[in-house]
Amino acid sequence: MSKSAPSRWPATSLPYGEEHELLRATARRFFETECAPHREAWDEAGMAPRSIWLRAGELGLLCVRLPEEFGGAAGDILHSTILIEEQVKAGVVGPMLSLHSDVVAPYVAHYGSTEQKMRILPRMARGEWIGAIAMTEPGGGSDLRTMTTRAHREGDQYVINGAKTFISNGANADLIVLAAQTDAGISLFLVETPRLAGFSRGAPLDKVGQWSGDTTELFFDNVRIPASALLGGTEGLGFAQLSARLAEERLMTGVVAVAAMEQAIADTIAYTRDRLAFGQSVLDFQNTRFRLAEARTEAIVCRTFMERCVLKFQRGELDAVEAAMLKYWSTEHQNRIIDACLQLHGGYGYMLEYPIARAWLDGRIAKIYGGSNEIMKEIIGRSL
Ligand SMILES: Cc1cc2nc3c(=O)[nH]c(=O)nc-3n(C[C@H](O)[C@H](O)[C@H](O)COP(=O)(O)OP(=O)(O)OC[C@H]3O[C@@H](n4cnc5c(N)ncnc54)[C@H](O)[C@@H]3O)c2cc1C
């Protein structure tokens with residue numbers, strides 16, 4: 001195989017401008033020098049410290065797409081893709097910035113009142129408040145209709161009882177977009193956790209991977225929140241609000257998946273080039289070249305589709321079905337490619353000190369969360 005990879009790979013057709021590249025440089029420095037060196041300590045702690053959220057806020061890396069009046073930089077979806085790519089490529093899992101900026105903040109921005117936006121979003125953009133979204137319950141995540149957490153109206157308050165599990169950013173969250181049953185069906189609430197009586201969190205959950213990604217259970221025991229916390233002001237809008245916004249979350253999962261597969265391929269080319277077996281570089285075995293040729297082809301196909309979805313999102317045209325296709329397809333390939341890349345590392349691929357082993361562990365969840373890939377196929381299937 002030729003020793004020289006194409007000079008600009010992965011090729012991108014996204015229209016990045018100078019301003020995007022400036023953000024990329026800041027993000028790269030931040031993830032490489034201020035996050036990656038602490039990965040082990042953060043893995044050990046089960047989460048990244050609050051100080052790194054504040055630092056990300058200080059550097060303008062949080063909630064970049066929010067309007068300036070709410071503390072953002074009036075950026076676009078390309079700014080978000082850059083931040084995800086740089087975080088993945090630096091091998092940094094926690095802090096889970098994209099969930100905060102690209103998933104949670106948009107609920108407030110789209111459905112919150114002006115008062116809620118003015119009060120909550122600047123804090124999120126500065127990293128003073130960390131955001132989470134809580135849908136899944138111990139009894140089920142895929143079928144949200146079986147949700148048992150209940151919000152019951154009493155005068156000018158709602159009283160919440162129930163439990164949520166597997167909540168990313170749960171241990172640190174100051175603002176939780178909470179899905180709960182109300183008289184008119186599922187509704188979303190903005191739950192502000194500081195000094196909230198009756199609210200508690202479990203210990204960090206012991207996960208297969210993503211160790212520095214804080215994931216916990218949340219408990220609500222007669223928690224009282226103001227009636228104004230009901231997102232959108234009317235009960236029963238939860239499903240419609242989730243359906244509208246989940247496409248964005250699935251798009252982001254696709255961006256992560258593509259970055260992860262590209263990084264795995266780059267790592268594997270470098271490793272197999274240096275590793276010798278039977279007197280030759282492992283990269284020079286036809287099997288290695290063929291498997292990497294397949295992987296690179298698959299990654300480029302995934303990137304092409306992901307970029308189409310990014311551009312459609314930017315034009316306001318990305319629908320739930322196409323987002324589901326991207327989430328399903330890209331995460332399946334992420335896992336397949338990373339598994340093949342691990343195989344090409346031999347025994348070292350199973351050693352945690354090698355990035356490919358971590359990518360393998362961290363990537364597995366992508367086929368499950370954000371709506372499992374079986375649910376993605378249900379969404380696609382219903383559109384046939
Ligand atoms: C690390 C991590 C982070 C997470 N972060 C969050 C978060 O921040 N917020 C949050 O709300 N949730 C979060 N989740 C939860 C995640 O979204 C759920 O685990 C997921 O939606 C699946 O729900 P479940 O685990 O209850 O599985 P179940 O719903 O019990 O599903 C079990 C299996 O049955 C399959 N299945 C279910 N229904 C169907 C069907 N109709 N047809 C075919 N197959 C079906 C599923 O695909 C799965 O394979 C997280 C989970 C993990 C592990």
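**Exercise 1: Two neighbouring helices**

α5 passes α6 in a left-handed crossing. A crossing is called left-handed if the near helix is turned anticlockwise from the far one by less than a right angle, and right-handed if clockwise. Helices (H or I, at least four residues) and strands (E, at least two) are DSSP runs, numbered from the N terminus. Before going on, note that this is a predicted model: local features need pLDDT of at least 70, side-chain atom pairs count only at pLDDT 80 or more, and totals for chains, interfaces and linings use all residues. Residues are numbered from 1 along each chain as its sequence is written.

*Task.* Describe how α5 and α6 are oriented, and find the residues that make their contact.

*Solution.* 
- Step 1: The axes of α5 and helix α6 (residues 114–126) cross at roughly 170° and come within 10 Å. Axes are lines fitted to C-alpha atoms, for helices over the stretch in contact, and angles run from 0 to 180 degrees between N-to-C directions.
- Step 2: α5 and α6 are therefore roughly antiparallel to each other. (Angles under 35 degrees count as roughly parallel, over 145 as roughly antiparallel, 65 to 115 as roughly perpendicular and the rest as oblique.)
- Step 3: On α5, look for His-100, Ala-105, Val-108 and Ala-109; on α6, look for Gln-116, Lys-117, Ile-120, Leu-121 and Met-124. Two residues are in contact if their C-beta atoms, placed from the backbone, lie within 7 Å.
- Step 4: Sorted by class, this contact of α5 with α6 has 6 nonpolar, 2 polar and 1 charged residues. (Ala, Val, Leu, Ile, Met, Phe, Trp, Tyr, Cys and Pro count as nonpolar, Asp, Glu, Lys and Arg as charged, and the others, Gly among them, as polar.)

**Exercise 2: Another partner for α5**

*Task.* Is the crossing of α5 and α7 left-handed or right-handed?

*Solution.* 
- Step 1: Helix α5 (residues 97–111) and helix α7 (residues 238–274) have axes that come within 10 Å and cross at roughly 155°.
- Step 2: That angle makes α5 roughly antiparallel to α7.
- Step 3: The crossing of α5 and α7 is right-handed.
- Step 4: Among the residues making the contact are Asp-102 and Tyr-107 of α5, and Arg-245 and Met-252 of α7.
- Step 5: The contact of α5 with α7 divides into 5 nonpolar, 2 polar and 4 charged residues.

**Exercise 3: Domains and the ligand**

*Task.* Which domains each give at least three residues to the shell around the ligand?

*Solution.* 
- Step 1: Start with the division of the protein into domain 1 (18–130), domain 2 (132–237) and domain 3 (239–382). (The bounds come from an automatic or database domain assignment.)
- Step 2: Find the ligand, which 21 residues surround; the closest are Met-135, Gly-141, Ser-142, Ser-372 and Glu-374. (A residue is near a molecule or strand if its C-beta atom, placed from the backbone, lies within 6 Å of it.)
- Step 3: Domain 2 and domain 3 each provide at least three residues of this shell.
- Step 4: At least two shell residues come from each of β1 (131–134), β3 (157–168) and α11 (373–382).
- Step 5: By class, the shell has 9 nonpolar, 9 polar and 3 charged residues.

**Exercise 4: Backbone details**

*Task.* Where is Pro-95 found, and what is the phi of Phe-166?

*Solution.* 
- Step 1: Pro-95 is found in the loop between α4 (77–89) and α5.
- Step 2: Gly-94 and Pro-95 are joined by a cis peptide bond, with omega about 10°.
- Step 3: Phe-166 lies in strand β3, and its phi is positive, about 60°, although Phe-166 is not a glycine.
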